[in-house]
Amino acid sequence: MIVTTAGRTNEAMVHLAEIIAEDLQSEFVPRNKRAIGMMKETVQQDVLVVGKNRLELYSLKTDEPLFFHPNSAMFRIKRMIKGEYEPFLEATKLQEGDQFLDCTLGLGSDSIVASYAVGTKGKVTGVEANPFLAYIVQTGLSAWHTEFTPIDEAMKRVNVIQGDHGKELEQMESGSADVIYFDPMFEETIAQSSGLNPLKSFAHYDILTESAINEAKRVARKRIILKDHWKSEKFAQYGFEVIKRKTAKFHYGVIELK
């Protein structure tokens, strides 16, 4: 992957792009008024564009950029404030002060909602395998302003870890989290959600393993949650009790821990 700047740039933006390239151990390539498509074709690599307000990651395989935006979390939290139904909270049963571990962070929507739910006394950690996605989300969480203070504060409280969730779980102390969450990215998940199209090239299609579930049982104090397609065999395979939703393509599974 290479790093460049937006079309309209300045010295400050160039300097920032150079710093980001160094952080990601990537090459900085001056834009020189070239189209992103032309740059991808020339270098045959993905391109990270450093703009004024956000980072955009362009895959060599697609034209749509991947970027951080808290849009989904924003309307979900506003719905929660109105007292409306939120299936994620029904499954997780998060309370103020809980410690929540998101093993499959992605673009961070669920972790933002969790951060709002657990409040300032709680803790939310998200693990993301893809280093570039983790960097974009971490940057977005700390820099994005929605003009709605509770959401801005919730985003800033999310701690991002880049790594493999299985290895991270192995290193955690027993009983060090209240709720552990898995939302693994599978081909069927992507295929049925057009909003996730830009994520196709960067998602890790990890297989949820028995080892990870066993480690989660050791680390979690209250419960383990799995979000997956309604036809998934993982619920039964790993002993999750399914919360079925009649019109939804995805269900939540729960393992309650004593």
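Colleague: Which element gives the largest share of the lining of the second largest pocket?

Modeller: The largest share, five residues, comes from H6, where a helix is a DSSP run (H or I) of at least four residues and a strand a run (E) of at least two, both numbered from the N terminus. This is a predicted model, in which local features need pLDDT of at least 70, side-chain atom pairs count only at pLDDT 80 or more, and totals for chains, interfaces and linings use all residues.

Colleague: What makes a residue part of a pocket's lining, and which residues lie nearest the centre here?

Modeller: On a 1 Å grid over the protein atoms alone, a pocket is an open set of points with protein on both sides within 12 Å along at least five of seven lines, and a lining residue has an atom within 4 Å of a point. In the second largest pocket 15 residues line the space, with Asn53, Arg54, Leu55, Thr139 and Ala143 nearest its centre. The elements giving two or more residues to this lining are helix H1 (11-23) and H6.

Colleague: Why is Val14 called partly exposed?

Modeller: Buried means under 20% relative accessible area and exposed over 50%, with partly exposed in between (1.4 Å probe, protein chains only). Val14, which lies in helix H1, has 25% relative accessibility and therefore counts as partly exposed.

Colleague: What does Val14 touch, not counting residues up to four places away in sequence?

Modeller: Contact means heavy atoms within 4.5 Å, and on that basis Val14 touches Thr5, Thr9 and Phe28.

Colleague: What makes E8 and E11 edge strands?

Modeller: Two strands pair if DSSP finds at least two bridges between them, and seven strands form an open sheet, with mixed pairing, in the order E8-E7-E6-E9-E10-E12-E11. Strand E8 (158-162) and strand E11 (241-243) each have a single partner strand, so one side of each is left without a neighbour in the sheet.

Colleague: How do you know that E6 and E7 pair?

Modeller: Four bridges join strand E6 (residues 99-102) to strand E7 (residues 123-128), and the two run parallel; that number meets the requirement of at least two bridges. Within this pairing, Asp102 stands opposite Gly126 in E7.

Notes:
Residues numbered from 1 in each chain as written. Heavy atoms only, no water. 1 Å grid on protein atoms, 1.4 Å probe; cavity = no way out; pocket = protein on both sides within 12 Å on 5 of 7 lines; lining within 4 Å.
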